[in-house]
Amino acid sequence: MSQENTLTTAAPKSTAELKQIAAQVRRDIVRMVHAVNSGHPGGSLGCTDLLVALYFRIMKHNPSFSMKGEGEDLFFLSNGHISPVFYSVLARSGYFPVSELATFRKLNSRLQGHPATHEHLPGIRIASGSLGQGMSVAIGAAQAKKLNGDNRLVYVLMGDGELEEGQVWEAAMYAPHHKVDNLIAIVDRNGQQIDGSTKEIMDLGNLRAKFEAFGWRVLETNGNDLEKLIPTLEEAGKLSGQGQPTMILMDTQMGFGVDYMMGTHKWHGTAPNDEQLEKALQQLLVEEAGDY
């Protein structure tokens, strides 16, 4: 049996089901970082809807996992510090047991603060967190698919603060020049980075105009509204194979779903205390919580 035939076959989740999964993933995130008083909840909460949409609706992928990823869509997390959301979504889509989330950032855990391949955790294809490198890796994977006659897509997520890394712009020049049209890059445009707002630290200017000038197709969407996010991801998929890579500029709020975390860089890498955890969990109630 080919790997193409072993991809996830469950019917894509409805938007209502995705919202329930996203609420549960957000519960996972705050519990994981609280348990070890360490981690990055802000960006993880903001990007939850994207990863849930990709893994439970958009991508064709194989939870039994092969590093080669032949015949399946691939996702690369470039801003690896938001590992809590990645681990939760991988676990809840079948890559490893949900109970393993309780080992996050502990000694000898496969779930380190930044994803690493030497941990051999299913779903992790690159070590990430050293910012600026993910799009280059994704381009390489996309070109490999083309060379192998594999028509599946490659997705990569970056933070907006990450765009201050020069390697991003080298990759941004390379992809259109080489017509890497099976690549969908996504920027989490939350306007925040570790020390403050992107506007204050290093104003990014008009990102749409910049990427279009480099030769990308550019879409914009609300990354915290599944009714807008899903059609944008579907449109990006339809644009593949037309000679240009696609960039999605995705507006989110850091800490989305937990009111006291939303919209501030202060929760970039701060864990909630006991009282804050309980408040967050109350705001993220789900019908059938499957907490680990």
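I began with the neighbours of Ser44: leaving out residues up to four places away in sequence, Ser44 touches Ile29, Ile82, Ser83, Pro84 and Val85, where contact means heavy atoms within 4.5 Å. I am working on a predicted model, where local features need pLDDT of at least 70 and side-chain atom pairs pLDDT 80 or more, while totals for chains, interfaces and linings use all residues. Residues are numbered from 1 along each chain as its sequence is written, and side-chain values use heavy atoms, without hydrogens or water.

Next I placed Ser44, which sits in helix H2 (helices are DSSP runs of H or I with at least four residues, strands are E runs of at least two, numbered from the N terminus). Is Ser44 buried or exposed? I count Ser44 as buried because its relative accessibility is 0% (buried is under 20% relative accessible area, exposed over 50%, partly exposed in between, with a 1.4 Å probe and protein chains only).

I then checked its polar side. The Ser44 side chain reaches the backbone oxygen of His40 at 2.8 Å, and a polar atom of that side chain lies 3.5 Å from the backbone oxygen of Ile82.

On to helix H4, residues 83–92: nine of its 10 residues are buried, so H4 is largely enclosed by the rest of the structure.

Definitions and conventions:
Polar contact = N/O pair within 3.5 Å; in protein donor to acceptor, adjacent residues only side chain to side chain.
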